[in-house]
Amino acid sequence: MTFSLFAPALFVLLWSTGWVVAKYAGLYADPLTFLVLRYSVAVVLFYLVCRFAGVIWPKSRRAILHAIVSGMFLHGLYLGMIWWAIGQGVPAALSGIIAGLQPLMTGLAAAYLIGERLSLSQRIGLFIGFCGIAIAVLPKVFSLDADVIPAYAVAVNVLGMACVTIGTIYQKRYLREGDLRAVATLQYVGALIVTIPAALLLEDLRVDWGVELFAALAWSVLGISMGAVALLLYLIRRGDVSKAASLIYLVPPLAAIEAAIVFGETLTLPMVVGTGVVVAGVYLTNRKPALPSA
């Protein structure tokens, strides 16, 4: 079995844990402050990996700038806005359905901005995937008191979804070449350029140092910032943007299962059914077209 076959599943598994980590880390640090720590450690570790492996860095200023700008959108703005919105009271279920819009938006934008053509089955797959997300989380959303959900925080969450769409398209268009380890290092520099000022302006920089914080930080950096993000960059470069983005559909249902295991949250029948629908949608979006018969 080649790496390309199990890379998508491994990416989804690692990326989905970010929802659990966000809730857990929020107990010990302000959201943006924690992200500053996470990105800082990721920059150092990726740089050491690059030095040890003798990675060739981008030679032109333009290539360096493209990597930094993509990181500002993919990490700094996207995760920063989502983590901050959840910290302001946006429920994880609602945040999940908002994030579920991203593959649809990416598929549409890719067709117009980089000429990526979607087959009928891929379009149907994107739509079915979004329906699965809706089935999984909307019943829980409707049970919430809308008066306690800040409208401004929901708007920020939506902007975060738009930012990761922009970052994904930007990555595919301008970063077609170069070592992914060097690109990832520069992207986290871009993330820090956005996140540090935001944390200074919006938070008290609360950090409760302890074993729990370091455990959350270790997994966030090694499992997500290095493992999952490297896989995402690999998938974007190797295949269609819309196919890579469709994997995001699997994240909220899987995160719900993980939250049920870790935090004892209720795993409802709609979540189970919705997850099955999501899997069907992702399959249609990512399956290889049938070869014409001779």
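Student: Is C50 buried or exposed?

Tutor: C50 is buried, at 1% relative accessibility. Buried means under 20% relative accessible area, exposed over 50%, partly exposed in between (1.4 Å probe, protein chains only). This is a predicted model: local features need pLDDT of at least 70, side-chain atom pairs count only at pLDDT 80 or more, and totals for chains, interfaces and linings use all residues. Residues are numbered from 1 along each chain as its sequence is written, and side-chain values use heavy atoms, leaving out hydrogens and water.

Student: And what about C131?

Tutor: Partly exposed, because C131 has 27% relative accessibility.

Student: New topic. Which residues touch the most other members in the largest nonpolar core?

Tutor: F11, W15, F34, Y39, W83 and Y188, out of 53 residues. Such a core is a set of buried Ala, Val, Leu, Ile, Met, Phe, Trp, Tyr and Cys residues joined through side-chain atoms within 4.5 Å.

Student: Which helix gives the most to this core?

Tutor: α9, with 13 residues. Helices are DSSP runs (H or I, at least four residues), numbered from the N terminus.

Student: What is Y39 in contact with, leaving aside neighbours within four places in sequence?

Tutor: H75, G76, L79, Y188, A191, L192 and T195. Contact means heavy atoms within 4.5 Å.

Student: Where does H66 lie?

Tutor: In helix α3. H66 counts as buried, at 13% relative accessibility. Beyond four places in sequence, H66 is in contact with Y170, Y174 and L175.

How values were computed. Helix = DSSP H or I, 4+ residues; strand = E, 2+ residues; numbered from the N terminus.
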